[in-house]
Structure formats: structure tokens, C-alpha cells
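I opened this structure to see how a few of its parts sit together. These are my notes, in the order I took them.

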Amino acid sequence: MTPTITIIVPVYNAEAFLNQCINTILNQSFSDLELLLIDDGGTDRSGVVCDEWAAKDSRVKVFHKANGGASSARNLGIENAKGEWVTFVDADDWLGENYLSELIGALEKTQCNDSMILCGFTKVDFTTGVIIESEAPYRKRYYNLDRERDALRPYKLDILKFNFTIGKLIRRSVLWDNHIRFKEDINYLEDLIFWLECLSYIQNVTTVDGKDYFYRVNNPNSGSFRKLIPDNEYKIFNHLKNNLSRLQESHQLTGEDIREVKNAAYQYVWSTCRATLNREIICAEIERISWISSKFSIDDFRYNLHYRNGSKVDLLFGKLWVMGLRKAALKFYGWWCDRKK
């Protein structure tokens, strides 16, 4: 029989927290579920723990794969999901017993097949498990994206808060029919990019203020510094830009309807340009100019200048670039970046 919900958990070196995570999923008050544990080729006993749970509960299915990152693990889960609805849980998090009931309850109230359900979460310290704060980032209500053009603005849904895989429920057919998967060529903002694509193919979003998802933060094993690599920064920008264009066209939105997230996307024009200053990647100044010119149009820079989207340093670099003073622009940017080191 087809389960109502598929829960996908990418697992990588999560042995310390995995039993708690799985136990709280299988002991949900809503039990019509399947749990897909995607062992992403870690070096601890996580894969063994997954197999032990599968032997105890028929709702658990385990997939072992070579390490490819969280996006590839989630994609394998999507491809093997059998539930009508899909949600994601991280292996170091845990759920309150009514988490799924709250999501399904919201679904039953709306009776909309193309809905996405969003809920809040509770932040806890990664090491101690002590609660830091609870957040309900979405106002509790129902939105129709075609009729309510400003639904994605900060004073309503706030699309920038979609940069979490967790706390969402979406119909599996939306993912399968439209071939929506996580981007495996990036390792930053892949969550936001994924959900932006999903929003292009649904009309209704329902929010609940439940906070029964316990989300670990302050992981000491995750670095706070993200090394800027030109190709990676540009890929993030390009994915965001393409998905925003699709979203805008799908729901006939104006530029103002998605202004905040579009501004956030266009910040990657600046980070990409700064990344070219890494001499280990691009040595010669002429190569930097050629590379940037091949990726960005003048209109990309003009957008940021028009909306004053960036720091004073970024905007001055942009002005010089648009004026054709490319070498001066890069020398100025390089001087400023060297000062920041």
C-alpha cells in the first residue's frame, strides 16, 4: 500500500545523533509513512545503524551509496520515494511526536493537491541539545500564488526564508512530473534553489506555526568560512537567476514581487567577481576581465547599480566596470580585498 508521506534523511557520519533522529520519526503520532535512509558513504557506523533500524521496522528502507554530498543523497531519495507527499529531515535533527500530524492537518484543511505546507522549527545547540529559540518564520495562513502576487514578499511568506530543506511538505508528483532535483554542482544555497523551482509548479502554500522540528545549529565541524571559487559562485547566481525567471513567468509576477530574493541573487555578481582575484585560480588580469565579461552582461551590473544592491565598494567597482574601466575596477577591488585580509 502506498504510504502517505515519504521522509528522506541523508546520512553522513551522523552516528552520534542518528538513533534519536530515526526513533522520533518512527514514533510519530501520524504513522502512515516510509523512511528512506540514504547512507552517503561516511566513515563511521552510520550505515550499520541504518541497517539495524531497517531490520526492526518495515517502514525503513536503506540505500548505501558512494559519498556524493547531501544533494545527491536527497535526489536518490526522491527517485525512490513511494509516498504521496515528501519531506526532508537532517540526520542530526529530531522531531516532536506531532510534527507530521501538524503538516497533514494543514493539508486536510486546504484540500489542495498542488500545495506546499510550511512550518516553523526550534533551534537547538548542536552539542548540548539545549533549546536556543523557536521560530515560526511564516505567518499562519493560506496563500494562492496566482491570485496573491505579493505572497513571497518579506511581510508575508518571505521567500528568502526558504533556504532550509527542513519544515516543508510537497507532493511527490510535483517533483517527479517536473524533474525537480537538488543541484549537485553546488554546495551552497542548493536548498533555496530547489524550493524556488518547486514554487514555479504549485499554486497554493499553506503555513502552520508548529515548531516540532528540532534543528541543530552551531555545528563545530562545519566551517564558517566559504572559500570563493569563481565557477561555483557563478553557478549559484545562474541557478538562482534561471529559477527566478521561471517563477516570475509561471505566476506572472512583477519584478517588485520578487525584489528581495532577486537582489540576494544578484549579490553573487559581486562575489563571483571577487573570487576571480584569487591568483591561484586566475593569474593574469586580462584573463579575469575576459572571464567576467563572458559570464555577466552590462545589464547584470546595471541592475545592482540601479537598486544600489551591494556595498559602497561593490557599487564603485560596478560603476568602473560599466564605464569600461575594467583594469581600474579590478585593481580597486583587489586593493580593497587585500585590506580586508
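Predicted model: local features only at pLDDT ≥ 70, side-chain atom pairs only at ≥ 80, totals over all residues.

**Entry 1: Asn 204**

I looked up where Asn 204 sits, and found it in strand 11, which covers residues 204–207. Is Asn 204 buried or exposed? Its relative accessible area is 4%, so Asn 204 is buried. I then checked what its side chain meets. The side chain of Asn 204 has a polar contact of 2.3 Å with the side chain of Tyr 142. A polar contact of 3.1 Å links the side chain of Asn 204 to that of Asn 144.

**Entry 2: helix 3**

I turned to helix 3, residues 70–80, and listed its buried residues: Ser 71, Ser 72, Ala 73, Arg 74, Asn 75, Gly 77 and Ile 78. I asked what covers the buried residues of helix 3. The cover includes strand 1 (5–11), strand 2 (33–39) and strand 4 (85–88), along with helix 5 (172–177) and helix 6 (190–199).

**Entry 3: helix 10**

Which residues of helix 10 are buried? In this helix, residues 298–306, I found Asp 300, Phe 301, Tyr 303 and Asn 304 buried. Viewed down the axis of helix 10, the buried residues fall within an arc of 150°, so they line one face of the helix. I kept a general point beside this: an α-helix has 3.6 residues a turn, so residues three or four places apart point the same way. On the face of helix 10 turned away from the buried side, I noted the exposed residues Asp 299 and His 306.

I then looked for what the buried residues of helix 10 pack against, and found helix 7 (230–250), helix 8 (259–275), helix 9 (285–295) and helix 11 (312–322). Arg 308 follows helix 10, and its phi is positive, near 50°.

**Entry 4: Asp 300**

I went back to one residue of helix 10, Asp 300. Asp 300 has a relative accessible area of 4%, and so is buried. Setting aside residues up to four places away in sequence, I found Asp 300 touching Phe 237, Lys 241, Tyr 266, Val 269 and Lys 295. With Tyr 266 there is a side-chain to side-chain polar contact of 3.5 Å. The side chain of Asp 300 also reaches the backbone nitrogen of Ser 297, at 3.0 Å. I checked Thr 254 too: Asp 300 and Thr 254 are 46 residues apart in sequence, and their C-alpha atoms are 18 Å apart.

**Entry 5: Tyr 234**

I found Tyr 234 in helix 7. Its relative accessible area is 18%, so Tyr 234 is buried. Apart from neighbours within four places in sequence, Tyr 234 is in contact with Thr 272, Trp 291, Lys 295 and Phe 296. Tyr 234 and Phe 296 are 62 residues apart in sequence, with 9.1 Å from C-alpha to C-alpha.

**Entry 6: helix 8 and helix 11**

Last, I looked up how helix 8 and helix 11 meet. Their axes come within 11 Å and cross at roughly 80°. Helix 8 and helix 11 are therefore roughly perpendicular to each other. From helix 8, Trp 270, Cys 273 and Arg 274 make the contact, and from helix 11, Asp 314, Leu 315, Phe 317 and Gly 318. I sorted the residues of this contact of helix 8 with helix 11 into four nonpolar, one polar and two charged.

Technical notes:
Residues numbered from 1 in each chain as written. Heavy atoms only, no water. Helix = DSSP H or I, 4+ residues; strand = E, 2+ residues; numbered from the N terminus. Buried < 20%, exposed > 50% of the residue type's maximum accessible area, 1.4 Å probe, protein only. Polar contact = N/O pair within 3.5 Å; in protein donor to acceptor, adjacent residues only side chain to side chain. Arc of directions from axis to C-beta. Contact = heavy atoms within 4.5 Å. Axes fitted to C-alpha atoms, helices over the stretch in contact; angles between N-to-C directions. Parallel < 35°, antiparallel > 145°, perpendicular 65-115°, else oblique. Nonpolar A, V, L, I, M, F, W, Y, C, P; charged D, E, K, R; others polar.
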